[in-house]
Amino acid sequence: METILLLLFIFFGGAIFRMFFAGLGAAGRTIVGDGSLSENWNRSMGNFGPFTVRLIDKTVENIDLKMLEIKGMIPTSGGSLDLRVMLRDITDGQENSSPVITLIEHQQLPDNKTFFMNVNLGVIEHGMGIHKWVEMLRIVPMFLIPPHTGKRRIQLVSAIYDHNNEAIWGNTDTYFELDFSGTGYLEQSENDKKARSLTIQLSVAVALADGQLDTSEIDIINKWILKTINVFDDEETKAELGELYQKSYDNAVNPDNNITLSFVTKEMNEYADDNIKYQALSLCYDVMTADGEIATEELNIIKNLSKALNLDYLEVERMRDKKMVDFDTSQISKESIEDILGIDENTSEDQKRKLLREEFKKWNDRLTSLDEGPERDNAQEMINLISEAIQKYK
Amino acid sequence: MGNVIGIDLGTTYSAMSTIDETGRPKIVTNSEGKNITPSCILLTENKLEVGEEARRMLGLDDNTCGRFKREMGKNIKLKLGNKEYSPADLSAVVLKKLKQDAEKSIGEISEAVVTIPANFNNEAREATMDAAKIAGLNVQYIVNEPTAAALYYAFEGGHELGGIYAVYDLGGGTFDISIIQVNGQDVDVIATNGVQVLGGDDFDNIIIEMAKEKYKEVTGETLASEDFTKSNAEEEKKSLSKREKVTVRINRQIIELTKKEFEEKIAYLITQAEMLCESTFDEAKISVSDIKGVFLVGGSTRVPAVLQSVKDTFKQEPISTVNVDEVVSLGAALYAAYKGDKANLNTVQKKAIEQISVTESTSKCFGTEAIVRNEARNSDEVMNTIIIRKGEKIPCEKTSSYFTSHEGQTRIKIKITESVAPEEDMNFVKIIWEGELDLPPDRPAGQELLFTYKYDDNQIMKCKFVDKESGKEKKVELSMANNNSNTASEIEEFLVE
Ligand SMILES: Nc1ncnc2c1ncn2[C@@H]1O[C@H](COP(=O)(O)OP(=O)(O)OP(=O)(O)O)[C@@H](O)[C@H]1O
Ligand SMILES: [Mg+2]
């Protein structure tokens, strides 16, 4: 009991809780059944029995649900009470248990996806209780994600907190089975780690394209690693990831390993989802512009990368534009502008002229919206470069 | 019964017109007897003087100021002597001078219309309205420069015009291109685009650059800017419109500027105008052969290379008049009579303008920030979404639905955005208003919100944000915010009577 309460405190204590009485969609709706909670509280002298919870299976609108119901008398001396509930996956034993996460937003902890619900029971006076089972909340198994795939044993951890945020009652004896065929969140994050390690290798490969790794380039990659790690708040994970990413970086810069772009992209296609791929490409752009210059070879690499990673060209273009206004365009030469705009050498002159004209229109349109400052100057510089470049095709 | 005037508040030169007894537009000369007035200000012994003297002194010392139209709507101050003025204040000084001169020559002014480049953003529009107010003008309407010019050409053409026309306006500061459907005196703007920084002023800068290079070649010394000013450059530029080369005397040195070199140097600027014209044909869904005529507007269309470019781009001889720098104000006077209080007009005037009809279209997209699913990235993203598209006939009103993103959401943040193209990226739009709407508590996600944008005849936008279920709403009117201008009296005090 002691340890459970401690556990509950770690998860519940101090967090800013949201109220869940208002439902979200059919599946997530709470508090129905025979009358509302307040109608069922009784002061009657009758014998309520001890306070208990139970899980009941129910199907609502074709969705399988687990209802949490409560009954009995609460051991309180009076005051406002909260019922707090979370789920643990204990398939691998209590000591190896992990939280279960949910896709339903209002059933999550405020700052991560862990299943957690807080239901305010109202002000309960001493001696009050509930005669019959009253539904308190609904768990939607199809939206739950355990750490691993397969048949999982889930423990329901519930507790009642008083207005001093102290646990006055707890229960850990309620379980259910969850048959989960998807990828568990721990498995997924293994994939994620792999994908991010590959991202680092990719960026190093891009940085090395001109034959050497500049400090400015190393800087950008380091900053990215730090940013990626810092989204986690426990030191252990940070340290673990730090080590992993450092290793991946060391591997990449070691010429003996001869890490090729084609190898990295192939791996990425296996492990990374599209979102991570775009993030990787974005990092490559940053690395590319880190030294204040854009080399044609670098641009070709980006182009090939987006092809190799099966990324949507329009999306890549949007990303490029965003980078362009931040980049000091005065460094771009008249000769390289067509490369930067991704205009292929082999395109016909008419086509080139048309593409340049479209780019001109785009940047000219944007100029109207940009405020005074470097971004605006960069857009103006793009316009001038494009109008110089188009002279050739008149 | 007062007079109506139309004012072309230009980057380099301004002009004003009214309509005569018979309802025809005519130029109103300034107190120096000139058709156009340099938009330049000179500070002399605590007086602000507008005109030729100021133009000649431009760049010579801190007591002169010009080209502030390019800064309209920006939150900056420009120095004049030891005082600072907003661009709207300085424009007000020019407008005030024009108003005073007009009153001397034609009497009391009851209503005025001021013109603006079609691609002025919302802030610049507001700043222009501000300036007019500070100058003591009764301005109910502003009109886009190309629209005013088209109206003038249509009016002068009697009832003979019919079909699609283009207005090509290259002035001192900006370039505007509009595609217009004209039917007699019915003027309907189909598409319009502009380059903010492209005009005679940029040509002047190139002349200065050339002079500096030549001077260095000849003397080995750097040419000081006071030895060859902007107005010197402008004179030489105008000469090059007629001659193959000009010889310039600077500090007893003779340098030579050739038309050929000038044309090479301005080629990339002229190309910008060409590209924009072609893009505008696409936008208007027409091809060059559909265009029945090209109206020339703006002093810089007198540059032979510009004229040639127009011929090449439109594949025809453009239609021009001697007074390309006056047509905008002439059209504005017509517009003032057409839009304004008819009680100010006599019977003949009323008759003359009764055929006029002008329909403008929006020159910007207006939208709002929202979370949208990005299928390509498989993620939800903050994006700009469009409510009023560019090219909608004015006035117009559009409503779009949005939904709350999460349960128990008690507030939405609202941003009104403006952009030329239908941008999705918030980096490339202008946020012209920001605010919040409080919502009732305890509701599930997905509550419908109705955003209504209404774009008025006088180019002012009214927005309404309504929570459908509760009827809670917020209304915003984007207009004439009196931003950072000095008060009218402060300007008054400096003005030459
Ligand atoms: N003969 C000429 N050759 C070359 N340029 C000329 C000639 N005559 C006038 N210009 C130029 O035309 C410009 C002024 O034209 P206009 O009065 O139409 O512009 P504006 O109204 O001041 O500017 P904008 O419309 O861009 O705000 C000046 O730059 C002037 O030097
Ligand atoms: Mg003009």
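Predicted model: local features only at pLDDT ≥ 70, side-chain atom pairs only at ≥ 80, totals over all residues.
Student: Which part of B:Thr174 comes to an oxygen atom of ligand 1, and which part of B:Thr12 does?
Tutor: B:Thr174 uses a polar backbone atom, at 2.8 Å from a ligand oxygen. B:Thr12 uses a polar side-chain atom, and the distance is 2.6 Å.

Student: How much of ligand 1 does the protein bury?
Tutor: Ligand 1 taken alone exposes 640 Å², and the protein buries 94% of that area.

Student: Which elements give two or more residues to the shell around ligand 1?
Tutor: They are α5 (200-219) and α6 (230-240) of chain B. The greatest contribution is that of α6(B), which supplies three residues.

Student: Which residues come nearest to ligand 1?
Tutor: The shell holds 22 residues, and those that come nearest are B:Thr11, B:Thr12, B:Lys69, B:Lys237 and B:Ser241.

Student: What makes up the shell around ligand 1 by class?
Tutor: Twelve residues are polar, eight are charged and two are nonpolar.

Student: Why is ligand 1 said to lie between domain 1 and domain 2 of chain B?
Tutor: Domain 1 (3-198 + 267-361) and domain 2 (200-265) both give residues to the shell, and therefore the ligand lies between them. The division of chain B also includes domain 3 (365-477).

Student: How do you know that domain 1 and domain 2 of chain B are in contact?
Tutor: Contact requires heavy atoms within 4.5 Å. By that rule, 22 residues of domain 1 are in contact with 19 residues of domain 2. The C-alpha centres of these two domains of chain B lie 28 Å apart.

Student: Is B:Ser14 buried or exposed, and why?
Tutor: The relative accessibility of B:Ser14 is 1%, and buried means under 20%, so B:Ser14 is buried. B:Ser14 belongs to strand β2 (residues 13-19) of chain B.

Student: With which residues is B:Ser14 in contact, leaving aside its neighbours within four places in sequence?
Tutor: Among them are B:Asp8, B:Leu9, B:Asn35, B:Ile36 and B:Val94.

Student: Why is B:Asn232 called partly exposed?
Tutor: B:Asn232 has a relative accessible area of 31%. Partly exposed covers values between the buried limit of 20% and the exposed limit of 50%, so B:Asn232 belongs in that class.

Student: Where is B:Asn232, and what lies 2.8 Å from a polar atom of its side chain?
Tutor: B:Asn232 is in helix α6 of chain B. The backbone nitrogen of B:Thr229 lies 2.8 Å from a polar atom of the B:Asn232 side chain. A separation of 42 Å lies between the C-alpha atoms of B:Asn232 and B:Asp186, which are 46 residues apart along the chain.

Student: What of the phi of A:Asn165?
Tutor: A:Asn165 is not a glycine either, and has a positive phi of about 65°. Its place is the loop between β10 (150-161) and β11 (167-180) of chain A. With a relative accessible area of 25%, A:Asn165 is partly exposed.

Student: What makes the peptide bond from B:Ile394 to B:Pro395 cis?
Tutor: The omega of that bond is near 0°. B:Pro395 is found in the loop between β20 (379-388) and β21 (396-403) of chain B.

Student: How many helices and strands does chain A have?
Tutor: Chain A has 13 helices and eleven strands. Of its 394 residues, 50% are buried. Chain A exposes about 18900 Å², with 49% supplied by carbon and sulfur atoms.

Note on methods
Residues numbered from 1 in each chain as written. Chains lettered and ligands numbered in written order. Heavy atoms only, no water. Near = heavy atom within 4 Å. Polar contact = N/O pair within 3.5 Å; in protein donor to acceptor, adjacent residues only side chain to side chain. Areas by Shrake-Rupley, 256 points an atom, 1.4 Å probe, with all protein chains shown as cover. Helix = DSSP H or I, 4+ residues; strand = E, 2+ residues; numbered from the N terminus. Nonpolar A, V, L, I, M, F, W, Y, C, P; charged D, E, K, R; others polar. Domains from an automatic or database assignment. Buried < 20%, exposed > 50% of the residue type's maximum accessible area, 1.4 Å probe, protein only.
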